[in-house]
Amino acid sequence: FNDLVTAALEDAETDPTRVILEVNESSLADQREDLWSVLRRTKDLGVGISLDDLGAANSSLATLRRFQLDQVKIDQSFIETVMASAEDAAVIRHITALCRELGIVTVAKAVQAEDQAERLCQLGVEHALGRYFTEPVTPGQIDELIYTDLTRPARPAAPAPKPSAAA
């Protein structure tokens with residue numbers, strides 16, 4: 001596997017520190033030693049490791065420590081209910097605090113609305129992705145998207161209220 005990663009990096013003339021390999025949490029559930037070894041060697045190449053769907057499977061805190069992750073993506077089931085569920089908000093707050101202490105970047109998946117994005121920021125989430133920021137794109141649209149200011153939502157802002165004519 002690492003020979004393929006090395007060859008791909010060389011072929012693309014890409015700095016490995018700009019690449020993140022995403023691993024789904026459920027694939028790590030059995031904690032097979034051979035998988036751990038492959039991921040450690042991949043990190044040694046300079047490639048980052050991201051754990052996708054944190055909270056979707058039977059998570060183990062040992063996974064966060066053992067894999068020396070660079071990033072975790074919080075499962076969308078927590079994101080979808082963050083506005084209505086104090087319990088899910090508490091889980092997100094604690095995930096972000098733990099990850100911050102371990103030097104792991106947190107990403108919220110499937111953010112759909114501005115109030116969600118704001119709440120997630122308040123809870124300590126560092127990055128977010130979802131339809132609030134941009135609709136899914138085809139490979140042909142990637143170049144255009146790269147040069148778009150993604151700090152603003154993809155949808156047009158509501159018109160500003162007209163000033164009142166108070167005398």
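These notes cover the fold, core, surface and backbone of a predicted model.

1. Overall make-up. The protein has 167 residues, of which 31% count as buried. It contains seven helices and five strands. Read from the N terminus, the order of elements is α-β-α-β-α-β-α-α-β-α-β-α.

2. Contacts and surface. Of the contacts between residues at least 6 apart in sequence, 53% join residues at least 24 apart.

3. The largest nonpolar core. This core holds 29 residues, and the members that touch the most others are Leu69, Val72, Ile92, Val111 and Leu120. Two or more residues each come from α2 (33-44), β2 (48-54), β3 (71-74), α4 (76-80), α5 (86-102) and α6 (114-122). The largest share, four residues, is given by α5. In soluble globular proteins, nonpolar side chains tend to be buried together.

4. Leu120. Residues up to four places away in sequence are not counted here. Leu120 then touches Ile79, Val82, Ile92, Ala108, Val111 and Val125. Among these partners, Ile92 and Val111 are also listed with Leu120 as core residues that touch the most other members.

5. Thr106. This residue sits in strand β4 (residues 105-108). Thr106 counts as buried because its relative accessibility is 1%, under the 20% cut-off. Neighbours within four places in sequence aside, Thr106 is in contact with Val72, Ile95, Thr96, Cys99, Gly124, Val125, Glu126 and His127.

6. A nonpolar surface patch. Val137, Ile142, Ile146 and Tyr147 make up a nonpolar patch on the surface, and together they have about 430 Å² of accessible area. Tyr147 belongs to the segment after α7 (142-146). With a relative accessibility of 71%, Tyr147 is exposed, since the cut-off for that class is over 50%.

7. Positive phi at Glu13. Most residues other than glycine have a negative phi. Glu13 has a positive phi, near 50°. Its place is the loop between α1 (2-11) and β1 (20-24). At 74% relative accessibility, Glu13 counts as exposed.

8. Phi of Ala110 is positive, near 65°. The residue lies in the loop between β4 and α6. Glu13, by contrast, is exposed.

How values were computed: Residues are numbered from 1 along each chain as its sequence is written. This is a predicted model: local features need pLDDT of at least 70, side-chain atom pairs count only at pLDDT 80 or more; totals for chains, interfaces and linings use all residues. Side-chain values use heavy atoms; hydrogens and water are left out. A nonpolar core is a set of buried Ala, Val, Leu, Ile, Met, Phe, Trp, Tyr and Cys residues joined through side-chain atoms within 4.5 Å. Buried means under 20% relative accessible area, exposed over 50%, partly exposed in between (1.4 Å probe, protein chains only). Contact means heavy atoms within 4.5 Å. Patches are made of residues with over 30% relative accessible area and no salt bridge: like charges are joined within 9 Å, nonpolar side chains (Val, Leu, Ile, Met, Phe, Trp, Tyr) within 5 Å. Accessible areas come from the Shrake-Rupley method with a 1.4 Å probe; for residues, only the protein chains shown count as cover. A salt bridge is a side-chain nitrogen of Lys or Arg within 4 Å of a carboxyl oxygen of Asp or Glu.
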